[in-house]
Amino acid sequence: MTLGALNYGELSIGKKLAVKYFVVAMALFVAQMLFGLIAAWQFIAPDFLFGVLDFNVNRMVHINAMVVWLLYGFIGSIFWLVEDEAGVPLVGPKIAEATFWILTLAVVIVVLVYLFVQSGPGETATLWLINEGREYIEAPRWADIGIVVCMVAIFYNVLATFLKGRWSGISGVLVLDLIALAGLYLAGMFYTTNLPVDQYWWWWVIHLWVEATWEVLVGCIMAWGLIKTLGARRKIVTTWLYIEVALMFGSGILGLGHHYFWIGTPEYWLGVGGFFSALEPIPLVAMVVHSVYDAGKHAFRSNNHPALAWLIAHAFGNFLGAGVWGFMQTLPQINLYTHGTQWSSSHGHLAFFGAYVTIVVAFIYFALQKLRGDVWMSGGLVDRGIKWKWALFLTHAGMVGMTMALLIAGYEQSFVERALGGSTWQAYFEGQTRPWFVEAMWWRMAFGVLMTVGVLLLIWDFLTIGAKETKPMLLVQSLDESPEEIQEGEVGVAAQS
Ligand code: HEM
Ligand code: HEM
Ligand SMILES: [Fe+2]
């Protein structure tokens, strides 16, 4: 591998695939930002693109692009680490390659239909061909089935590779989690005309994905990342992972109840949902302690500073966005007022960004280091790290600014529309005309633009980082590794190249 050059041709098959997934992920990330900006502008100028690209279409593309690109980021990360972790080349490379192209073609078709056909009459054909109408997973039925088939193929690749190679704590958790993740998607495919029943199952996908299976998945990725960037001890990292997983499933599964407060489900969900979801921040605190402990223990000596910075951002972002912002509105007594206001959107933005965008970005930095020939990525980069640091700052400043603006808007809505106005139709509109709400929409727009600049800078950094470096990467081989641990799977950073 040549330092600084693009060593794509020399990557293993799994890593090549991972790069492809990351490229599509980034394209969809930019699309997500663009449609977010259009939707945000429509809050300020409701006539903008009216009848051409209505708010509901932009919103749908915005959040579907998000779900899909994050999944692409996760799949890419899994393909990247599976061979290292199993110690053998990817099993079934042809299937894996075909899956990538089929999945990507399906995504392109779905997006084109969203944009150009948009909606159809209320009949089964619309459900199959245009749009299923379930927020976040609007993809039509044909695509649903295609996605399931692709996921089964990817699962086969991962499982077969581990079966052929070796197992570790991380890969065991990963494989079990993938079963749950793919299985839950099926819950979003039932169709019933009874809205509460439909919502009941739909939340199985949305809540149990983001608050259980995705969290466990990023736990695995973070564990692996800490071993690679810092040379953290596998035994310690794996122990943390088990604890976090137990806590996440322990609180996250019944925490589902916080979406069952007002949709026509039995009243006991108020207590069950309130209690268990209030416990959900605990594993997220554990993740912060875990990453800060490991980084501190290794005196922040890492072989990939940008990746480590985004890993730490993940730990804090997850805790604040999901844990704190989620907790704020999770007790039924409070949710009664905040439900359906911009409060949820504030939480939704900070949680998805803090928990998932950050970790995918961290992982892309690992991949880039290898792609550039295991090049130096610690302190003192050729461009003094200006691009990655500014990208980190601008994306975070933009996201925090948007979150705060939405929180203020949500607070005002809870107060004016709910507490004072008693949730009437008139109060609903009144809540959206007061200055605090209107100004917040402008602030959200401004911070959205700032964040978009950050994302573009980030992508520029992805394209250039390491290209002019001449030093090989810092070796951070864990010195305290016992022989049986090495046998168990870990070969350390030094042996990675
Ligand atoms: C990374 C993890 C998380 C993500 C990505 C996330 C994302 C979201 C999103 C997007 C919504 C809005 C859903 C909609 O469209 O109706 C939402 C709602 C909600 N979230 Fe989270 N969330 C996460 C974790 C949490 C946690 C840990 C808690 C509680 C401690 C929580 C509590 C809530 C509550 C109570 C609502 C319902 C708001 C309402 O409908 O009134 N979330 N979440
Ligand atoms: C340029 C930056 C962005 C802008 C201007 C923006 C704007 C918007 C707008 C206007 C909506 C519709 C809100 C509503 O229905 O009231 C929305 C929804 C949403 N956006 Fe963004 N967004 C941006 C970036 C992001 C990012 C980076 C993420 C996460 C990775 C994200 C996640 C979401 C989610 C989860 C929802 C649904 C929230 C809910 O239903 O409560 N957005 N966004
Ligand atoms: Fe939830």
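Which residues is Y365 in contact with, leaving aside its neighbours within four places in sequence? The first legend below takes this up, and the others move on to the metal sites and some helices. Please keep in mind throughout that this is a predicted model.

**View 1. Y365 and the nonpolar cores.**
Leaving aside neighbours within four places in sequence, Y365 is in contact with N304, P306, A307, W310, M377, W388, L458, D461, F462 and I465. The residue belongs to the largest nonpolar core, a set of 124 residues in which F74, W209, W214 and Y365 have the most contacts. Helix α7, spanning residues 195-230, gives the most to this core, with 19 residues. Another core lies apart from it and has 11 residues, including I38, V110, L115 and A139. For background, nonpolar side chains in soluble globular proteins tend to be buried together.

**View 2. The iron atom of ligand 2 and its two histidines.**
Two protein donors reach this iron atom: H62 and H349, each through NE2, lying 2.0 Å from it. These histidines link distant parts of the chain, since H62 sits in helix α2 and H349 in helix α13, 287 residues apart. How are the donors arranged around the iron atom of ligand 2? The 6 donor atoms subtend angles of 85 to 179°, which makes the arrangement octahedral. As a reference for your own geometry checks, the ideal angles for six octahedral donors are 90 or 180 degrees. H62 is buried, because its relative accessible area of 14% falls under the 20% cut-off. H349, at 22%, is partly exposed.

**View 3. The iron atom of ligand 1 and its single protein donor.**
Here the protein supplies a single donor to the iron atom of ligand 1, namely NE2 of H347, 2.0 Å away. How far is the iron atom of ligand 1 from the iron ion (ligand 3)? The two are separated by 4.2 Å, and the iron ion is the subject of the next view.

**View 4. The iron ion (ligand 3) and its four coordinating residues.**
The iron ion (ligand 3) is coordinated by H207 (ND1), E211 (OE), H258 (NE2) and H259 (NE2), at 2.1 to 2.2 Å. Along the sequence, these donor residues follow the spacing H-x3-E-x46-H-H. H207 lies in helix α7 and H258 in the loop between α8 (234-255) and α9, so the pair ties together parts that are 51 residues apart in sequence. What is the arrangement of the donors here? It is irregular, because the 4 donor atoms around the iron ion (ligand 3) subtend angles of 88 to 143°. H207 counts as buried at 0% relative accessibility, and H258 is buried as well, with a relative accessible area of 15%.

**View 5. Helix α5 and what covers it.**
Helix α5 runs over residues 141-164, a total of 24 residues. From first C-alpha to last, α5 reaches 35 Å, close to the 34 Å expected at 1.5 Å a residue. Its buried residues are R141, A143, D144, C150, M151, A153, I154, N157, V158, A160, T161 and F162. What covers the buried residues of α5? The cover includes α1 (13-44), α2 (55-86), α3 (93-116), α4 (124-129) and α6 (169-185). A search of the whole structure finds 0 disulfides.

**View 6. T452 in helix α16.**
T452 lies in helix α16, made up of residues 435-464. Is T452 buried or exposed? T452 is buried, with a relative accessible area of 12%. Not counting residues up to four places away in sequence, T452 touches M33 and L37.

**View 7. A278 in helix α9.**
A278 is found in helix α9, residues 268-278, and is partly exposed, with a relative accessible area of 22%. Beyond neighbours within four places in sequence, A278 is in contact with G273, F327, T330 and L331. To place this view relative to I145, note that A278 and I145 are 133 residues apart in sequence and 35 Å apart in space, C-alpha to C-alpha.

Methods: Residues numbered from 1 in each chain as written. Chains lettered and ligands numbered in written order. Predicted model: local features only at pLDDT ≥ 70, side-chain atom pairs only at ≥ 80, totals over all residues. Heavy atoms only, no water. Donors = N, O, S within 2.8 Å, 3.2 Å for Na, K, Ca; no water. Core = buried A, V, L, I, M, F, W, Y, C linked by side-chain atoms within 4.5 Å. Buried < 20%, exposed > 50% of the residue type's maximum accessible area, 1.4 Å probe, protein only. Helix = DSSP H or I, 4+ residues; strand = E, 2+ residues; numbered from the N terminus. Contact = heavy atoms within 4.5 Å. Disulfide = S-S within 2.5 Å. Expected span 1.5 Å × (residues − 1). Tetrahedral: all angles 85-135°; square planar, octahedral: opposite > 155°, others 65-115°.
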